[in-house]
Each structure stands twice: as structure tokens, then as C-alpha cells.
Amino acid sequence: MEITYASSSLSDLVGSASSMARTPTQAPPRPVKVIPFQHPYAAADTTPTSSSTTPLSRWRTKVKRMKTVDWIDFFLPCSRWIRTYNWRENLQPDVIAGVTVGVMLVPQSMSYAKLAGLQPIYGLYTGLVPVFVYAIFGSSRQLAVGPVALVSLLVSNVLGNINSSAELYTELAILLSLMVGILECTMGLLRLGWLIRFISHSVISGFTTASAFVIGLSQAKYFLGYDVSRSSQIIPLVKSIIEGADKFSWPPFIMGSSILAIILVMKHLGKTRKSLRFLRAGGPLTAVVLGTAFVKIFHPSSISLVGDIPQGLPPFSIPKEFGHFKSLIPTAMLITGVAILESVGIAKALAAKNGYELDSNQELFGLGVANICGSFFSAYPSTGSFSRSAVNHESGAKTGLSGIIMGIIMACALLFMTPLFEYIPQCALAAIVVSAVIGLVDYDEAIFLWRVDKKDFFLWAVTGATTLFLGIEIGVLVGVGFSLAFVIHESANPHIAVLGRLPGTTVYRNIQQYPEAYTYNGIVIVRIDSPIYFANTSYIKDRLREYELEVDQCSKRGPEVERIYFVILEMAPVTYVDSSAVQALKELYQEYASRDIQIAIANPNKEVLLTLAKSGLIEQVGKEWCFVRVHDAVQVCLQHVPNSNNALPKIPEISPDKHSRFLERLGTRRKEDLSTSEMESGERDKDSDPQLEPLLSRKSH
């Protein structure tokens, strides 16, 4: 029900108290319709009502409602698709996808292990146990888990700086898998997946693009036939390549380049032609087969081979070298962050394409369990692969069964095919790595960012440049640092808009966006588009002072006055206020009161209103100055703005004792207005003040 109130002009408040001026002509009261505002608790009640349920209480309620099936789904996400598995429709595409990606995974695993500075067998181990475990505990049905280029580079970059034997190097890589798994599980259980949101996509793109160049150059030694110094910075890599140019060997270069060209052609045909999609996944296998066949036939002495690979499944063993645990914590955190960014983003995209929901925290837990279990079977850190996941999706994978098929293919390779792997050329594995990282060079994203948002392009460029020239760790830190800096800057400097009324409506919008919107003399309507808390209170106060002093260039309506009498705060976008914000608003109120300016509050949400009420700000401002709509606040404020026809002395000319009591008299009059009889709202009375335009005009302005 809408209740209407009649409010008198401000001339009644000031004119009756002033002995300096003649009694002004009393204008008839103007009908004003105001929707009743629901305060958080009655004035007589000093105990505020409960605001809302806390996150803990909501979690308890959710836990109480969970049934046995829900608990099974929570701990074993695979049970969701197992219960509803359609053998007739899903079995064939799952098997085809699993075999396709499994064939792709075997040579890639050996290639990425070499990139990580490990023996190829450890890449095969990393592609075995984590794949099986993730199929059970992971929530994505298309994500292909295993060794990836970026994580392999991080392992190589960090452990390569440690003076250690090959055995210690391997043990540290396995220990890293355990630490990464523990971090991922902890983040999943504590539901900390939201932390990743603070790293922007432009930072990730810049980092992966720069890393692709570093990875590609790190494989140059297998193409050129001589050693290149290991580094995560592009300048030492290029310098080492140039200094060793006199040792260049043609056979590995020709073979590696030829295999790389074949893989890229097959990948291109697989992407562009649906009938040849199988070629995309067959590239790595083709490289291995062609390289091995060439070596077996011609026995070239100048081409280095993989060498002996142990046959059989990995034995169970507990990770060792815990004495290095503390020194590896920063590396584990870095690998965890990169792995999560790469994996969760892919998993969410695939879940959306296949029509099911994915919980990021459950996904973290699944990846963590996969890494922990993998560390007990000699695996180094693994995560979801972009290229293999895309192939898995395109091959028609419907459930996690495709992941189990991948694991079976890997187990068969370990049991029966390792003698054949001995003759794989190193340059063939390097070609597989280079072909995989070419897709990470995201120049299209850079062009898009330059066209759309220069700030994001700056993030992309800075992250890429620091990664290339200063190293991967510094690149990640700089990128994340700039991301957080932009977040803090946007949060501490929120958007604040001056609102005006759109002609012919009761809608108020930003006058910068809608130049046709008009404001009213003596009234400033301000919308704060963010939560108000300790970091942005000073900025908000400064902007409000500016709006009071600087009149925006837009059309004005209403009484002819030369100063501001009312500041209306539109608080609908304000989702939260803290104690610092409350204190700042109190100080602002006192500052305004000293200049006879009244604050009005429009449309605060329940939580914000309760906080303001508890702090006493609502009582200080006056409950009668809280409104449901901005339009209601404007209607009431217009009744109290003095108009020129009344020939009132200006407020600054009132004597000090009367000046100090101005807001008190204004509040008293407003409270009296709230107790008047109901009146019908509508067009302006014919005999009312001609300076006041009808607020609900039926004609377009």
C-alpha cells in the first residue's frame, strides 16, 4: 500500500523563525506520495533483529539435509556418472576417446619428463596412477590429467638450480608432487578456490605465451645436436645457442624439423576437417613411429636416443628427502597456482559445453588426491592438459571412463612396449613438446586486449616481458602483483555517479551516461557503486565534497537556489559497510550539518541498513530521511528547498543561534509531515509554486 504525505516548503521552517524578513506568502501544500520505508527494528525496540544466517549456520543446515547418496557423491564424484551410465550410448565414445588420448599421452609423457629434467620413465609413471585416481575423485568428466609442459618447465627450472645428483633430483621432483597434492587438497577442503579469481586472464595468457618461448628454446639442444645451458630466461638461452653454433649437427636438425612439420600438418588437418579429426591426436604417435623406424633402419650415430627404459609398473615407495621440504614450499605453491589455473579453467569450460555443473573446490580436491597418490608411485606433479582435454572432448568422451581407458593404455605401454621406446630419437620427443607449446602462444588474445582494454593489455605485456627476461618465478609474482594492485585500486577508488531524472519517468540514472537526465537545484543525488569499507571511505568522502561544491553541467529544474541543501545517497549497489565506513558517514553527516545540509538515504539493503541502525547513524540522520526509492527522497526534499518567490533570507545570513537549529527544525517538520493525513498523489496543484515542477508529470519533458 502506498501512503502519501503532504510536506510544506522549507520557507515555513525558516521564515517563521526569522525576525529579519517579512512573513512570506504561504504556498499551498503539495501532494507527495512516499512508499513506507521498513526500518530494521522499531524505535521502541533496542534489540536489533537477527540479520541473516551466517555461512557456518548455512553449512550446518546443508550438512543436515545431506543423505547417504549425497555423501558418496561428495567424496566419490565418479558415483554420479556411474549410477546413471548408459552403456549403449556412452561406452563406444568413451572407449574411442580413451584410446585416442592414451595413444597421445604415451609419447607426450616421455617428452615432458625430458623437459622436466627427468628420465622418460617418470613421465610414464606420471601418466599412470594420477589418471586412475582422478577418474575416481575428479569431478570433470572430460579433463585429461597427466604431465604438462608448463609444470614440467617449472620443475626443471627450480630443481635445476639445486646442486644435486640425478637420484636426489628425481626424489625432489617426487616430493614436489606430494607437496602440491597436499596444498591442492587443503585448498579444496577449506574451499579456497576463490583465491584464484584474483589472477586475471590477461596475466595467465601473458605468462603462458612467454613460457611457450622459453620451453621451445629449451628444446633447441635436441634439434641442434649440442648442449644448451638450462635457464628460464630467454637471454641466457639465446646466448648459449649462439655460442655453441660451431657444434651444429645437421642430422638431428633435419629429422626434428621434419617430424615437427608432420605433427603440425596433422594437427592443422585434424582441426580444420571433421573427417580427419583422428590426425590431431595421432601426431605424437606418428612422430615416435617415424623416428623409431628411421633409427632402426639407418642407425645414425649423430642422433641421440632415449635409451633404456625400465619395464613394468611403478613400485610403491614413500617420497624421501623431507629435509628439503621447507626450501621447496615456494616452488610447490607456484606449481599449485599454475596447475590450478590451467586445470580448473579447462574443466569449467568443458563442463559448460557438456551440460553439467563443476565445483572448483571439489576439482581441487580431486587433483590433490591424484598428486598425493602419484607421489607414492614415483610421479612428479601433474595436472589437467589443455591439448589432451580438447582431444578427449572432441573424440566424444562422456564420462570419466575415458580416463580409465587412458590409464589402461599407459599400463599396457609400461608392461609390454618399453623395449621399443629405447630407439626413440630425442629430437622426436622435442618436436612433440614444441608442437604442443606452439598452441600456448596467444597472440590473438594480445590483439583482442589491445582493442578492448589497454589496462589488460598492459598486464599481458608486463607479465610476458618479465617472464621472458627475468624468469618464470618473477614473471608469476609480477603478474599476480599487478593483478592484485588493479583489484585494490578499483576497490579503493569505486565508481561514484551523480544521478539525474530521465524525462517523463521516475527513473534516475548517471548524468554522464544519460545527458538528457536533469537534476534539481539544491539537491545532489549520488550513487556509490561498491561496498563501503576502510579502504575506500576517504575517496568516497572526497568525491562527495566535490559533488557538493562543483555543479555538473546539466539541465536543472526546481527552485532557483545557489547552494546545496540535500545530499541523497542511493545505496542500492552498496552490499556491505564496515565500522570504518559507518564512522566516515557519521563524520560526513556532522560536516554537512555544520553547513545546514541534510543527508537522505535511499534503498539500502537489509544488511547495510541493520549495520547503520546498530551504529546509531540512522537515528542521527533521522528515520524520516530514509526512503525506499530515490524518487521518494527527491519528492520530499523538494518540499523543503526554499524557493525564490518566497523572498526568504539566504540560509547563510541566518543568525548563528537560528543557523545551528536549522536542521533540528527541519527534522521536526519532517516528522510532523509523516503524521499528516493521506492524500492522493499526482500532478502539481494548479495554485502551487510555479517553480516546482510536477514529479509525476504525464507529459514528456
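Predicted model: local features only at pLDDT ≥ 70, side-chain atom pairs only at ≥ 80, totals over all residues.

Colleague: Why is S10 described as largely enclosed by the rest of the structure?

Modeller: Strand S10 covers residues 566–570. It is largely enclosed because the number of its residues that are buried is five of the five.

Colleague: In what order do the strands of the open sheet lie?

Modeller: Two strands pair if DSSP finds at least two bridges between them. Six strands form the open sheet, with mixed pairing. Strands S6 (508–510) and S12 (626–627) are its edges, each pairing on one side only. The order is S6-S5-S8-S10-S11-S12.

Colleague: In which sense does S8 pair with S10, and which residue of S10 stands opposite Val-524?

Modeller: S8 (residues 523–528) and S10 are joined by five bridges, in the parallel sense. One of the bridges couples Ile-523 to Phe-566. Opposite Val-524 stands Val-567.

Colleague: How does the chain cross from S10 to S11, and what is the handedness of this β-α-β crossover?

Modeller: S10 and S11 (residues 598–602) pair in the parallel sense over five bridges, and Phe-566 has Gln-598 as its partner in S11. The chain passes between these strands through helix H24 (residues 579–594). A crossover is right-handed if, with the strands pointing away from the viewer, the path from the first strand over the helix to the second runs clockwise. By that criterion, the crossover is right-handed.

Colleague: At about what angle does H24 run to S11?

Modeller: Axes are lines fitted to C-alpha atoms, for helices over the stretch in contact, and angles between N-to-C directions run from 0 to 180 degrees. Contact means heavy atoms within 4.5 Å. H24 lies across S10 and S11, and its angle to S11 is about 140°.

Colleague: In which sense do S5 and S8 run, and which residue of S8 is the bridge partner of Val-498?

Modeller: S5 (residues 496–501) and S8 run antiparallel, joined by three bridges. Ala-497 has Arg-527 as its partner in S8. For Val-498 the partner is Val-526.

Colleague: Which residue takes a positive phi in the hairpin of S5 and S6?

Modeller: S5 and S6 run antiparallel over three bridges, and Arg-501 stands opposite Tyr-508. Six residues lie between the two strands of the hairpin. The residue with a positive phi, near 80°, is Gly-504.

Colleague: Turning to Thr-463, which backbone oxygen does its side chain reach?

Modeller: Thr-463 is part of helix H21 (residues 454–470), and at 1% relative accessibility it counts as buried. Apart from neighbours within four places in sequence, Thr-463 contacts Val-203, Gly-206, Phe-207, Gly-475 and Gly-479. A polar contact is a pair of N or O atoms within 3.5 Å; within protein, one must be able to donate a hydrogen and the other to accept it, and residues adjacent in sequence count only if both atoms are side-chain atoms. At 2.8 Å, the side chain of Thr-463 reaches the backbone oxygen of Leu-459.

Colleague: How far apart in space are Leu-414 and Ile-309, C-alpha to C-alpha?

Modeller: Leu-414 belongs to helix H18 (residues 401–421) and is buried, with a relative accessible area of 0%. Not counting residues up to four places away, Leu-414 touches residues including Tyr-125, Gln-311 and Pro-314. Leu-414 and Ile-309 are 105 residues apart in sequence, yet their C-alpha distance is 9.1 Å.

Colleague: Finally, of the residues of the chain, what percentage count as buried?

Modeller: The chain has 29 helices and 12 strands. Of its contacts with a separation of 6 or more, 82% are between residues 24 or more positions apart. Of its 701 residues, the share that counts as buried is 52%.

Conventions
Residues numbered from 1 in each chain as written. Heavy atoms only, no water. Helix = DSSP H or I, 4+ residues; strand = E, 2+ residues; numbered from the N terminus. Buried < 20%, exposed > 50% of the residue type's maximum accessible area, 1.4 Å probe, protein only.
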